[in-house]
Amino acid sequence: MKIPFDDLRFLKLDDSFDISSFSCGNTEIDSFIKDDAKNYQKDRISVTYLCYYRDELVGFFSVAMGCIDARAVEPQDGKKGYGPKKYPALRLAQMATLKEYQGHDVGKNMLTYVFAIGFALCEFIGCRVVIVDAKKDEKTINFYKKYGSFEDFGPSDATTQSLLRDLNKIPDGERINTELTEYQKK
Amino acid sequence: MAKPIELETVLVGEHARAFHEYMESNVIHETPESRQVMREARELSKRFKFL
């Protein structure tokens with residue numbers, strides 16, 4: 001069963017939500033949503049969105065603003081050099097689907113929402129890339145590559161692989177309009 | 001306990017070179033699925049209001 005995007009509701013986390021029963025099968029991520037997400041939000045470090053299907057919490061994701069600080073690179077072995085450059089980033093800090101709903105497009109639909117936030121930020125304050133530190137397993141990394149065309153970047157550690165998607169790499173004719181829409185002007 | 005959220009990523013050496021090359025490149029690697037996700041995301045983004 002594939003759950004269409006329009007059948008899901010996305011709500012911003014606040015104290016009124018009971019998230020104690022959520023389990024995606026990964027204790028670290030479960031611990032984040034239960035113990036950390038509200039504190040990060042109160043500190044305005046990240047915002048967590050809850051994803052509901054038929055009044056059941058089926059997933060969540062947390063996003064934060066970030067920065068990629070790419071240091072200068074000297075020319076070497078015939079390769080050109082680069083000056084230092086920083087890019088504003090939307091960091092997908094956590095994302096998980098309820099165990100029973102994995103494989104039903106909930107993750108794909110949450111990723112769509114994440115990119116929508118990224119494209120909106122592009123218009124309002126500037127945001128060039130979406131980055132995620134993905135769990136280092138084949139299924140997770142393939143998910144991000146398949147649905148977001150993410151690329152490996154930066155150092156990885158034993159448990160995570162950093163992935164990146166440039167929001168400017170959009171096929172011609174599909175670029176976002178830099179003008180505010182009529183809806184946004186209202 | 002979950003790993004703390006790191007807001008900044010600093011890239012040096014070959015990681016920085018690979019990143020600079022990726023950002024400079026005009027090549028777009030899009031799967032059919034990611035193309036659809038991007039298209040839907042762009043449409044959805046037009047409905048967001050920040051002000």
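Predicted model: local features only at pLDDT ≥ 70, side-chain atom pairs only at ≥ 80, totals over all residues.
Local features need pLDDT of at least 70 and side-chain atom pairs count only at pLDDT 80 or more, whereas totals for chains, interfaces and linings use all residues. Residues are numbered from 1 along each chain as its sequence is written, chains are lettered from A in the order in which they are written, and side-chain values use heavy atoms, with hydrogens and water left out.

**Extent of the interface**

- In contact (heavy atoms within 4.5 Å) are 67 residues of chain A and 47 residues of chain B.
- Between them the two chains bury about 5,200 Å², 61% of it on carbon and sulfur atoms, buried area being the accessible area (1.4 Å probe) that two parts lose on being put together, summed over both.

- Over all chains the structure holds 14 salt bridges, and the count between chain A and chain B is three.
- B:Glu24 forms a salt bridge with A:Lys80, and the closest N and O atoms of this pair are 2.6 Å apart.

**Secondary structure at the interface**

- Helices (H or I, at least four residues) and strands (E, at least two) are DSSP runs, numbered from the N terminus.
- Strand 3 of chain A and strand 1 of chain B (residues 8-11) run parallel and are joined by four bridges, where pairing requires that DSSP finds at least two bridges between two strands.
- Within this pairing, A:Ile68 has B:Thr9 in strand 1 of chain B as its bridge partner.
- The axes of helix 3 of chain A and helix 2 of chain B (residues 32-45) come within 5 Å and cross at roughly 65°; axes are lines fitted to C-alpha atoms, for helices over the stretch in contact, and angles run from 0 to 180 degrees between N-to-C directions.
- Here A:Lys146, A:Tyr147 and A:Gly148 of helix 3 of chain A meet B:Glu33, B:Ser34, B:Val37 and B:Met38 of helix 2 of chain B.

Note on methods
Salt bridge = Lys/Arg side-chain N within 4 Å of Asp/Glu carboxyl O.
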